[in-house]
Amino acid sequence: MPKYLVVSTSGNPDSNSRRMGRIAFDQLKKAKADCEWLDISELGLPLCDADACYTQPAARKLNALIEAADAILVATPVYNYDVSAAAKNMVELTGSSWEGKIVGFLCAAGGMSSYMSVMAFANSLMLDFRCTIIPRFVYATGDAFDADELKDNKVAERIKELAGEVIRYGQALRG
């Protein structure tokens, strides 16, 4: 049975990307998938220094979770036309543990003009670690939310579709 991991990479306690990740995680649980939730803001990860950072307990825990997953949904905010620095740090700390993983994205941003910003990150995962990138990612702006609630039904449907796709890809991987 494939293992799925949903990772929130936001440091903001009022994060819309985290909300999107939680909705996707709930969809996976509803489908009875073997899934785990990880909020990296709770780990106290070190910054990658290409040296002692890899031996830190939080980095080792993150590495083990990435390594154990077959498919990973990354919930990330978009800042300055790119995924969060925490998302990039996560990959730098875990490196080859991403090899061969299936990866999907849930992105929250301030406006519609940065909807393609996840592609450089996706390309890095695909080219460096031979990840299979699910070509259906979810992008939402703050307009999709009303306080703590997702109010945009189209975004909610896209999250549900992405969760279904990650299950489908995971099952195909495990054949």
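A disulfide is a pair of cysteine sulfur atoms within 2.5 Å. By that cut-off, this structure, a predicted model, holds 0 disulfides.

**Cysteines**

Take Cys35 to begin with. The closest cysteine sulfur to the sulfur of Cys35 belongs to Cys131, and the separation is 19 Å, too far for a bond. Cys35 is also buried, at a relative accessible area of 18%.

Cys48 is another case. Its closest cysteine sulfur sits in Cys53, 4.0 Å away. Cys48 counts as partly exposed, with 25% relative accessibility.

**Helix packing**

The table gives their geometry.

| Helix pair | Angle between axes | Axis separation |
|---|---|---|
| Helix 1 and helix 5 | about 50° | 9 Å |
| Helix 2 and helix 3 | roughly 85° | within 9 Å |
| Helix 3 and helix 4 | about 5° | 12 Å |

Start with helix 1 (residues 16–30) and helix 5 (residues 153–174), whose axes pack at about 50°. This angle makes helix 1 oblique to helix 5. The crossing is right-handed. Helix 1 brings Met20, Ile23, Ala24, Gln27 and Leu28 to the contact, and helix 5 brings Ile159, Lys160, Ala163, Val166 and Ile167. Sorted by class, this contact has 8 nonpolar, 1 polar and 1 charged residues. The spacing of such contact residues has a simple background. An α-helix has 3.6 residues a turn, so residues three or four places apart point the same way.

Next comes the pair of helix 2 and helix 3, with axes that cross at roughly 85°. Helix 2 is therefore roughly perpendicular to helix 3. On the helix 2 side, the meeting residues are Ala59, Leu62, Asn63 and Ile66; on the helix 3 side, they are Met90, Leu93 and Thr94. The class count is 5 nonpolar, 2 polar and no charged residues.

Helix 3 also packs on helix 4, at an angle of about 5°. These two helices are therefore roughly parallel to each other. Ala87, Lys88 and Val91 of helix 3 touch the side of helix 4 that carries Phe121, Leu125 and Phe129. Here the residues divide into 5 nonpolar, no polar and 1 charged.

**What lies over helix 3**

Which residues of helix 3 are buried? In helix 3 (residues 85–94), they are Ala87, Asn89, Met90, Val91, Leu93 and Thr94. Their cover includes helix 2 (57–68) and helix 4, and also strand 1 (3–8), strand 3 and strand 4. Past the end of helix 3 comes Gly95, with a positive phi near 35°.

**Positive phi outside glycine**

Two other residues have positive phi without being glycine. Asn80 has a phi of about 50°. Asn80 sits in the loop between strand 3 (71–79) and strand 4 (82–83). Is Asn80 buried or exposed? Asn80 is exposed, at 75% relative accessible area.

Arg130 has a positive phi of about 55°, and Arg130 is not a glycine either. The loop that holds Arg130 runs between helix 4 (118–129) and strand 6 (132–133). Arg130 counts as exposed, with 61% relative accessibility.

Arg19 belongs to helix 1. Despite its charged side chain, Arg19 counts as buried, at 14% relative accessibility. What does Arg19 touch, not counting residues up to four places away in sequence? The partners are Asp14, Phe145, Ala147 and Asp148. Arg19 and Ala108 are 89 residues apart along the chain, and their C-alpha atoms are separated by 9.4 Å.

Thr141 is part of strand 7 (residues 138–141). Thr141 counts as buried, with 12% relative accessibility. Leaving out residues up to four places away in sequence, Thr141 touches Ala109, Gly110, Gly111 and Met112.

Methods:
Residues are numbered from 1 along each chain as its sequence is written. This is a predicted model: local features need pLDDT of at least 70, side-chain atom pairs count only at pLDDT 80 or more; totals for chains, interfaces and linings use all residues. Side-chain values use heavy atoms; hydrogens and water are left out. Axes are lines fitted to C-alpha atoms, for helices over the stretch in contact, and angles run from 0 to 180 degrees between N-to-C directions. Helices (H or I, at least four residues) and strands (E, at least two) are DSSP runs, numbered from the N terminus. Angles under 35 degrees count as roughly parallel, over 145 as roughly antiparallel, 65 to 115 as roughly perpendicular and the rest as oblique. A crossing is left-handed if the near helix is turned anticlockwise from the far one by less than a right angle, and right-handed if clockwise. Contact means heavy atoms within 4.5 Å. Buried means under 20% relative accessible area, exposed over 50%, partly exposed in between (1.4 Å probe, protein chains only).
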